[in-house]
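Here is a short briefing on one protein model. Look at the structure first, then read the points below.

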Amino acid sequence: MQLDVLEQLDALEQAIDEVVSSDPESCADLESVERLQRQASRLEAYATRATGAMEVEGQWATSGARTAAAWQAWACHQSSPVAKRSVRRSRHLRQLRVLEEAWSEGSLTGAHVDAIIAVRNPRTEAALERDEELLVAQAKKLSFETFVRALAYWVQLADPEGTEESAEERRSRR
């Protein structure tokens, strides 16, 4: 790891230490809460990208872990599902650059990322590549719940056979 990156991480830790040592009520106004949430999203996006780079480089294997997610769960004291989600997100974001950029700028959250990658499959891949900018623009504009409904409608148009299969599976479970 480069020294300047370590210095940047030290500076980030110091800045976070200063913020979290202050009274939370000092940041209880609307603008401060929005800024805090956006910065948290940006940091989560960056950590996810770093996780993806770490997975590709294979450094986790030197620890004896079987996967990057297993190493992250152990080293970062995360649950296995949380670590796996981080690795899964990083893999998908390699192909979803517009989504990655929006998350990195703090315009979207990890929940938006999860919603979009959940609908990405071989049948929707071409449509998602075509419509990624549109979907990200809608995610930025709409409330999360409204966006999820719009995304479900998009899936019906992009993958009508998959929608029928899902309905059939739900009926068979009843």
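Predicted model: local features only at pLDDT ≥ 70, side-chain atom pairs only at ≥ 80, totals over all residues.

R94 is partly exposed, with a relative accessible area of 31%.

**R94 and its partner**
- The side chain of R94 meets that of E55 in a salt bridge, at 3.4 Å from N to O.
- R94 lies in the loop between α4 and α5 (97-104), while E55 sits in helix α2, so the pair ties together parts that are 39 residues apart in sequence.
- E55 counts as buried, because its relative accessibility is 15% and the cut-off for buried is under 20%.

**Other salt bridges**
- The whole structure holds 11 salt bridges.
- R89 pairs with E44, and their closest N and O atoms are 2.9 Å apart.
- This pair links distant parts of the chain: R89 is in helix α4 (residues 80-93) and E44 is in helix α2, 45 residues apart.
- R89 is buried, at 5% relative accessible area.
- E44 is partly exposed, at 33%.
- A network of salt bridges links E44, R89 and D114.
- R38 and E34 also form a salt bridge, at 3.1 Å from N to O.
- R38 and E34 are separated by about one helical turn, because they are four residues apart in helix α2.
- R38 is partly exposed, at 35% relative accessibility.
- E34 is partly exposed too, with a relative accessible area of 44%.

**Overall build**
- The protein has nine helices and zero strands.
- Its C-alpha atoms fill a box of roughly 50 × 45 × 35 Å, taken along the principal axes.
- Buried residues make up 30% of the 174 residues.
- Take the contacts between residues at least 6 apart in sequence: 60% of them join residues at least 24 apart.

- A nonpolar surface patch covers about 860 Å², with L3, L36 and Y46 among its residues.
- Two elements give two or more residues to the nonpolar patch: α1 (3-21) and α2 (30-57).
- Helix α1 gives the most, with seven residues.
- L3 is in helix α1.
- L3 counts as exposed, because its relative accessibility is 59% and the cut-off for exposed is over 50%.

Terms used:
Residues numbered from 1 in each chain as written. Heavy atoms only, no water. Buried < 20%, exposed > 50% of the residue type's maximum accessible area, 1.4 Å probe, protein only. Contact = heavy atoms within 4.5 Å. Patch = residues over 30% accessible without salt bridge, like charges linked within 9 Å, V, L, I, M, F, W, Y side chains within 5 Å. Areas by Shrake-Rupley, 256 points an atom, 1.4 Å probe, with all protein chains shown as cover. Salt bridge = Lys/Arg side-chain N within 4 Å of Asp/Glu carboxyl O.
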